Amino acid sequence: QDAGLSWLLLVSVPVLAVTNYWIVSRMLPIFRSMQQLIDAVNRVMRDQLSGVRVVRAFAREPFERERFAHANRTLSQTALTAGTWQALMAPATTLTINVSSVAVIWFGGLRIDSGHMQVGSLIAFLAYFTQILMAVLMATTTLMVLPRAAVCAERISEVLSTRPAVISSEHPVRRPRGVDGRVQLDQVSFRYPGADQPVLQDISLFAAPGTTTALVGGTGSGKSTLVSLICRLYDVTGGAVLLDGVDVRDYEIEQLWSAIGLVPQRGYLFSGTVADNLTYGAAPGQKVTEEQMWQALRMAGAEGFVRTHHDGLQMPVAQGGVNFSGGQRQRLAIARAMIRRPAVYLFDDAFSALDVHTDAKIRESLRQFTAEATVIIVAQRLSTIIGADHVIVVDDGRVVGAGTHESLLASCPAYIEFADSQSLSAGVGGRP
Ligand SMILES: Nc1ncnc2c1ncn2[C@@H]1O[C@H](COP(=O)(O)OP(=O)(O)OP(=O)(O)O)[C@@H](O)[C@H]1O
Ligand SMILES: [Mg+2]
């Protein structure tokens, strides 16, 4: 009816939209960093909770308190900034609406004065005008939650779109008669994701069923990495790991993992009972009887302390197994790996926390139990290594020697050095 005032709408709606857009675009990065700061606070807290004993032992409480306070302070400051911007939105919107209303009345009054417009039309126009701006306001309120939601959505999709590094192949191989356990590494090289130096280079070795292979090498030489490649916790970056002549990447992952018993360097026990932890090692679908559990415990030299506990197999295990000694934990981890009677045993420094006597006893019973299986042991003790059929010396990610203890003593300088250092310390202890 009267289009003369419509231009006000054309001015005020864009002004409202542009202000809001400006504020929202300011808030987006703030929210993004806020999520990261929330991460940081959680990380610091987790660190401190799991390392609380270390913190106390080193009297670092003030330092840790300050570290947490710092993370917390940064978060609250960022939250405040975000809040300020958010708070700015409401007054900006109200201001625009009210100024526009005043302008409508002002210009409308002028038009009425000059006889171009009726008072009724002005009132009607004002009502519609406010309604339109209210709708914009509603949209803005929705917009206020948008930045935060957008950042959260980004992070969720980040997690959802993460692909596992180790995936089953398209056409997995399943061996109906099970796995014999011939382990072969063919010119394997490996680099951790994100690292620029390869950890392992050009490693070739062969381990047959019924034999024991010892891996020897200084700390950080890549032994644990080698072990985790065999059970496919990582995929090789060059060459191939073969089990029974088939690339481990072609196996059905379930079958591969149930053919291998791993005792990791840092065995983790789950909260629950000893029996729970032992059944954890069972192959899918395997029923474990109490008799089998006791047998595995006996083999691993863990029967004694479980028997003497009044709960027996129901002996409680705290999270991470903190209510056990390091050696007891290792022995339970060994028992857990033995319960499924795998074709390949991987012991990553699994005897390190045991005294020499217990170590010898366990290895003796293991030798009978694992007579048919392929055993690969990462070892630091000469006594373990002498008993092995085959010794591989790893240095700085390369194989520098392979053979038996005797042949290596005759040929491999790195091994001679290693053996010397051990017999030296033994000699010092044994001399009258
Ligand atoms: N998850 C990882 N990400 C990146 N680098 C790693 C990772 N794990 C190990 N490394 C690096 O790989 C190298 C070899 O580590 P590895 O654990 O295999 O040594 P190791 O021979 O088992 O030593 P140790 O005798 O002390 O157990 C080290 O230099 C280490 O820094
Ligand atoms: Mg290691």
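Helices (H or I, at least four residues) and strands (E, at least two) are DSSP runs, numbered from the N terminus. By this rule, Arg363 belongs to helix H11 (residues 356-369). The model is predicted: local features need pLDDT of at least 70, side-chain atom pairs count only at pLDDT 80 or more, and totals for chains, interfaces and linings use all residues. Residues are numbered from 1 along each chain as its sequence is written, and side-chain values use heavy atoms, with hydrogens and water left out.

Arg363 is buried, with a relative accessible area of 11%; buried means under 20%, exposed over 50%, and partly exposed in between (1.4 Å probe, protein chains only). Leaving aside residues up to four places away in sequence, Arg363 touches Phe351, Ser383 and Thr384, where contact means heavy atoms within 4.5 Å.

Ser224 lies in helix H5 (residues 223-230), whereas Gln265 is in the loop between strand S6 (260-263) and strand S7 (272-273), so the pair ties together parts that are 41 residues apart in sequence. Ser224 is partly exposed, with a relative accessible area of 29%, and Gln265 is also partly exposed, at 42%.

In another part of the description, Phe107 lies in helix H3. Phe107 is partly exposed, with a relative accessible area of 30%.

Notes: Chains are lettered from A and ligands numbered from 1 in the order in which they are written.
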